[in-house]
Amino acid sequence: MSIRDKFPIDKWDFKSESILVDLPPAVYEMLTAHMSEQVYKKNELLFREGAYPSGIFYITQGKVKKYKVDKEGKEQIIYIANTGQLIGYHAILSEERYPDSATVIEESTIAFIPKEDFLNTLDQSPLLNNRLLKTLSHEFAVLANSLTMFARKTVRERLALQLIIIREKYKVNYVEGMPIEINISREDLASLVGTARENVVRVLTEFKENNILETKGRKIIIKDVNQLIAIANYK
């Protein structure tokens, strides 16, 4: 049974994997004519808030956190992008500087597509335009839901919700009923939830005592996603 049969994951999760899927060969070749690929080590920066964009990034393999930093230097993670997703295109479309920063959270292989190739392909491909428009519309809806979540939900509910979302990003060769292992620092998890690290540790301990999950160092193994769905209180 898919998570979508139990929980409206698409209301809470950014999606851009479908943008490049099955593009006509000529369009794909135009877009990737000067594409380059690089392996980034954990915690390497892709781009920084306020910098001018020179292209877009495609995550061939790995995970990237997008975040903003406040005046005190504290991160607020907006979302975690996964294998197959595009990032960095918002600034190019708006002709502005990057509105946030992006850093890899595990060793990742990431392709770079120059700005000129991206814009030229957009000019000549209504299909790519439509896909980007659909993705941007979806992201707006997700952000609206996230604002409501931070305003109305408790730390416990927000943590349960984020664990459900992150769990989907760590599914590899998944078999129904198999525990899913999440590898994320407590600091990043606290930033996603919008609370202090100590609060995340406290609630994780409670979830562990209730056999919802177990921990091995920084790794979190989700054992009972149904309990998390009940706690998230998403309706």
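This report describes selected helices, loops and side-chain contacts in a predicted model.

## Helices α4 and α5

Helix α4 spans residues 126-152 and helix α5 spans residues 155-169, and their axes come within 9 Å of each other while crossing at roughly 145°. The crossing of α4 and α5 is left-handed. On the α4 side the contact is made by Met 149, Phe 150 and Arg 152, which meet Glu 157, Arg 158, Leu 161 and Gln 162 in α5.

## Asp 13 and its partners

Asp 13 is found in the segment before α1, and with a relative accessible area of 4% this residue is buried. The side chain of Asp 13 is joined to that of Lys 169 by a polar contact of 2.9 Å. When neighbours within four places in sequence are left aside, the residues in contact with Asp 13 are His 138, Val 142, Ile 165 and Lys 169.

## The buried face of α3

Helix α3 runs over residues 115-124, and its buried residues are Asp 117, Phe 118, Thr 121 and Leu 122. Seen down the axis of α3, these buried residues fall within an arc of 135°, and therefore they line one face of the helix.

## Helix α8 and its ends

In helix α8, which comprises residues 225-232, the residues Val 225, Leu 228, Ile 229, Ile 231 and Ala 232 are buried. Around the axis they cover an arc of only 165°, so they lie on the same side of α8. Among the elements that cover the buried residues of α8 are α5, α7 (197-209) and β11 (219-222).

The N-terminal end of α8 is capped by Asp 224, with a side-chain oxygen that lies 3.2 Å from the backbone nitrogen of Asn 226. After α8 comes Asn 233, whose phi is positive, near 50°.

## Lys 223 and Asn 211

Lys 223 has its place in the loop between β11 and α8, where a relative accessibility of 40% makes this residue count as partly exposed. Not counting residues up to four places away in sequence, Lys 223 touches Asn 211, Ile 212, Leu 213 and Glu 214. With Asn 211 there is also a polar contact between side chains, at 2.6 Å from Lys 223. The C-alpha atoms of Lys 223 and Glu 107 are separated by 26 Å, these two residues being 116 residues apart along the chain.

Asn 211 itself lies in the loop between α7 and β10 (213-216), and its relative accessible area of 45% makes it partly exposed. The phi of Asn 211 is near 65°, a positive value in a residue other than glycine.

## Glu 95, a further positive phi

As background to such backbone angles, most residues other than glycine have a negative phi. Glu 95 has a positive phi of about 55° although it is not a glycine. This residue lies in the loop between α2 (89-94) and β7 (101-104), and at 76% relative accessibility Glu 95 counts as exposed.

Ser 191 lies in helix α6, which covers residues 186-193, and is buried, with a relative accessible area of 8%. Leaving aside its neighbours within four places in sequence, Ser 191 is in contact with Glu 75, Gln 76 and Ile 77.

For two of these residues, backbone atoms approach the side chain of Ser 191. The backbone oxygen of Glu 75 lies 3.0 Å from a polar atom of that Ser 191 side chain, while the backbone nitrogen of Ile 77 lies 2.7 Å from a polar atom of the Ser 191 side chain.

Terms used:
Residues are numbered from 1 along each chain as its sequence is written. This is a predicted model: local features need pLDDT of at least 70, side-chain atom pairs count only at pLDDT 80 or more; totals for chains, interfaces and linings use all residues. Side-chain values use heavy atoms; hydrogens and water are left out. Axes are lines fitted to C-alpha atoms, for helices over the stretch in contact, and angles run from 0 to 180 degrees between N-to-C directions. Helices (H or I, at least four residues) and strands (E, at least two) are DSSP runs, numbered from the N terminus. A crossing is left-handed if the near helix is turned anticlockwise from the far one by less than a right angle, and right-handed if clockwise. Contact means heavy atoms within 4.5 Å. Buried means under 20% relative accessible area, exposed over 50%, partly exposed in between (1.4 Å probe, protein chains only). The arc is that of the directions from the helix axis to the C-beta atoms. A polar contact is a pair of N or O atoms within 3.5 Å; within protein, one must be able to donate a hydrogen and the other to accept it, and residues adjacent in sequence count only if both atoms are side-chain atoms.
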